[in-house]
Amino acid sequence: MPINDLARALALQREDLHRAIDAVLARGRLVHGPEHAAFERDLAACVGVAHAVGVASGTDALELALRAVRTDGRDVVVTVANAGGYASVAARRAGLRVRYCDVDPGTHLLDPAHLAGVLDAEVCAVVVTHLYGRLADVAAVRAVVEPWGAAVIEDCAQAFGAVRGGARGGVHAGSLGDAAAFSFSPTKNLGALGDGGAVTTDRADVAARVTRLRQYGWGEKYRIVDDGGRNSRLDEIQAAVLRYRMPLVAAGNARRREVIARYAAAAPASVRVLDAVGPEHAAHLAVVEADDAARLAAHLRTWGIMSEVHYPVPDHHQPAFLTEGRSPVSLPVTESLVGRVLSLPCFPELTDAEIERVCRALAAY
Ligand SMILES: Cc1ncc(COP(=O)(O)O)c(C=O)c1O
């Protein structure tokens, strides 16, 4: 049993996807045409912000958002080290230095209490990742960050559709900071048929800057007014696919939460299933904690069940980021989670029989 199987959704949606793509082909506009404009409007409305700007990937969204919120010479970005390294890669590409904040042992999300000791006048932005799909307490982060005048950027790559306070009138992931980055890579809860991303924001200045930076820094065609631009466009076909899929995500997220709840009910005391209760959690990944994750993975393999580790190497230990072969920082909680986390199969098209099989395998551990 795979951890994810995109072919199942594609088989169910095949005709609708063909129809959406055919409409683009018939029109003959392939980048920055009407689908893209409509997608930006749909996304802004769905997230509840004034602006959404399509880009080519989640990493580009993080990089361009970081470039857009930076208004002075401050050049340090603070983020967590357990979220796959994407914010670190983006910050480094933007020419910024990265400093790490430890995480909460219960949720594995950025710990606002630790953040206070990491901030100083060099920090231009804090990236808060809604890891595994769980909506972070961005208000608590903002309260700590505010006195320093730094920006707060949400990484919503794993949290499309997470909403606090009910789908109507609630507050969505992507509307809580100065800007937010989304990824629409194929395995995400809202996935394209290839790569894609977006920045959402209520700030007109940030939206305008990202809009210029995603297309060479152009203020108008062939006139470069912003340095640090690139080609980062979301094409018409992906925009059409994302528009079709966007309304389907809420039901998919509910099914993902159901999967995780069933794992939680079946797991023995030695396996802690990180809960995903209610719409605040997009349930992107079904993550468990165990003393020896490798042993649990081997046990599941004997049941024919695949698993994966998100993520095996914390950012401050990534070989490319080490200074003189070792990390100068210590992050006790982040480091304590290495070797303990494991992601189980979790996608909306899992069958009841498959979920039951994972439950029986967990119970037998
Ligand atoms: C938390 C997080 N941030 C950022 C990204 C980067 O997105 P992309 O692969 O679209 O560049 C991903 C996924 O890949 C992610 O899981």
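User: Which residues does Phe-184 touch, not counting residues up to four places away in sequence?

Analyst: Contact means heavy atoms within 4.5 Å. By that rule, and leaving out residues up to four places away in sequence, Phe-184 touches Phe-39, Leu-43, Phe-160, Leu-190, Gly-191, Ala-192, Gly-194, Gly-196, Gly-197, Ala-198 and Leu-242. Bear in mind that this is a predicted model, where local features need pLDDT of at least 70, side-chain atom pairs count only at pLDDT 80 or more, and totals for chains, interfaces and linings use all residues. Residues are numbered from 1 along each chain as its sequence is written, and side-chain values use heavy atoms, with hydrogens and water left out.

User: Which residues touch the most other members of the largest nonpolar core?

Analyst: A nonpolar core is a set of buried Ala, Val, Leu, Ile, Met, Phe, Trp, Tyr and Cys residues joined through side-chain atoms within 4.5 Å. Buried is under 20% relative accessible area, exposed is over 50%, and partly exposed is in between (1.4 Å probe, protein chains only). Here the largest core has 53 residues, and Leu-43, Leu-115, Val-126 and Phe-184 touch the most other members. Helix H2 (34–47) is one of the elements giving two or more residues, and its four residues are the largest share. Helices (H or I, at least four residues) and strands (E, at least two) are DSSP runs, numbered from the N terminus.

User: Which residues of helix H10 are buried, and where do they fall around the axis?

Analyst: In H10 (residues 293–302), look for Ala-293, Leu-296, Ala-297, His-299 and Leu-300, which are buried. Down the axis they fall within an arc of 160°, so they line one face of the helix; the arc is taken from the directions from the helix axis to the C-beta atoms. On the face turned away from that side sit the exposed Ala-294, Arg-295 and Thr-302. Among the elements covering the buried residues are strand S13 (286–290) and helix H12 (352–363).
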